[in-house]
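Subject: Structure handover

Hello,

Here is the structure for your files. My notes on it follow below.

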Amino acid sequence: DYPCPAGGCLLTYAGFADKVRDLLEHGPWDAWAVNLLKTGRHFRLTPRHKLIVGKNSGENDRLIGAARPGDTVIISEDLPGPASLLTGPEDPAVREIALGINARYCDGAGPGSVTLAWYRQEPSPARQQAAVPPLPADKVRSLQLALDQA
């Protein structure tokens, strides 16, 4: 007799395997990045920029706490919504895409703008905010890894 092979290994889930494949291709391959694979929705914005969007308050807290120097944390100011962690070098165009994705997942976000705040995790983060329209759903889907686990 052998145990039933039902579940247990995350690599058997296509969505999780997509996240691992992306990490292998773009790095960094370290404990920090591997631990974040099980958290949130993952988006590849450029070869050097990755966005992780929390799905609940526990994941939001985990993402905010995981921010390293140089990372950008995004949070909603006026609607319930996710926290996001953007990794990669500072790039205002990429940040705008990340803000639009975060706005898309805010509860009650319609076609109007959502007020979001963001800061770079540096020795003393300077918080900024802006009204951001949600990114169109098809654009969000095109950037998301592991669509089957959305």
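To begin with helix 1: Asp18 and Arg21 are 3 residues apart in that helix, so about one helical turn separates them. Helices (H or I, at least four residues) and strands (E, at least two) are DSSP runs, numbered from the N terminus. The side chains of Asp18 and Arg21 meet in a salt bridge, 2.8 Å from N to O. A salt bridge here is a side-chain nitrogen of Lys or Arg within 4 Å of a carboxyl oxygen of Asp or Glu. Asp18 is partly exposed at 29% relative accessible area, and Arg21 is partly exposed at 44%. The classes are buried under 20% relative accessible area, exposed over 50%, and partly exposed in between (1.4 Å probe, protein chains only).

On provenance, this is a predicted model: local features need pLDDT of at least 70, side-chain atom pairs count only at pLDDT 80 or more, and totals for chains, interfaces and linings use all residues. Residues are numbered from 1 along each chain as its sequence is written, and side-chain values use heavy atoms, with hydrogens and water left out.

Other salt bridges

The search of the whole structure finds 7 salt bridges. In general, side chains of opposite charge can pair when their charged atoms come close. One of the salt bridges joins Arg127 to Glu77, with the closest N and O atoms 2.3 Å apart. This pair links distant parts of the chain: Arg127 sits in the loop between strand 5 and strand 6, Glu77 in the loop between strand 3 and strand 4 (84-87), and the two are 50 residues apart. Arg127 has a relative accessible area of 49% and is partly exposed; Glu77 is also partly exposed, at 36%.

Arg95 and Glu90 form another salt bridge through their side chains, at 2.4 Å from N to O. Arg95 counts as buried, at 13% relative accessibility, whereas Glu90 counts as partly exposed at 41%.

Two strands pair if DSSP finds at least two bridges between them. Strand 3 (residues 72-76) pairs with strand 5 (residues 114-120) in the antiparallel sense over 5 bridges. Ser76 has Leu116 in strand 5 as its bridge partner.

Surface and loops

Leu24, Trp29 and Val34 make a nonpolar surface patch of about 330 Å². Patches consist of residues with over 30% relative accessible area and no salt bridge, like charges being joined within 9 Å and nonpolar side chains (Val, Leu, Ile, Met, Phe, Trp, Tyr) within 5 Å. Accessible areas come from the Shrake-Rupley method with a 1.4 Å probe; for residues, only the protein chains shown count as cover. Trp29 lies in the loop between helix 1 (14-26) and helix 2 (31-36), and counts as exposed at 54% relative accessibility.

Gly108 is in the loop between helix 4 (92-104) and strand 5, and is exposed, with a relative accessible area of 72%.

Regards
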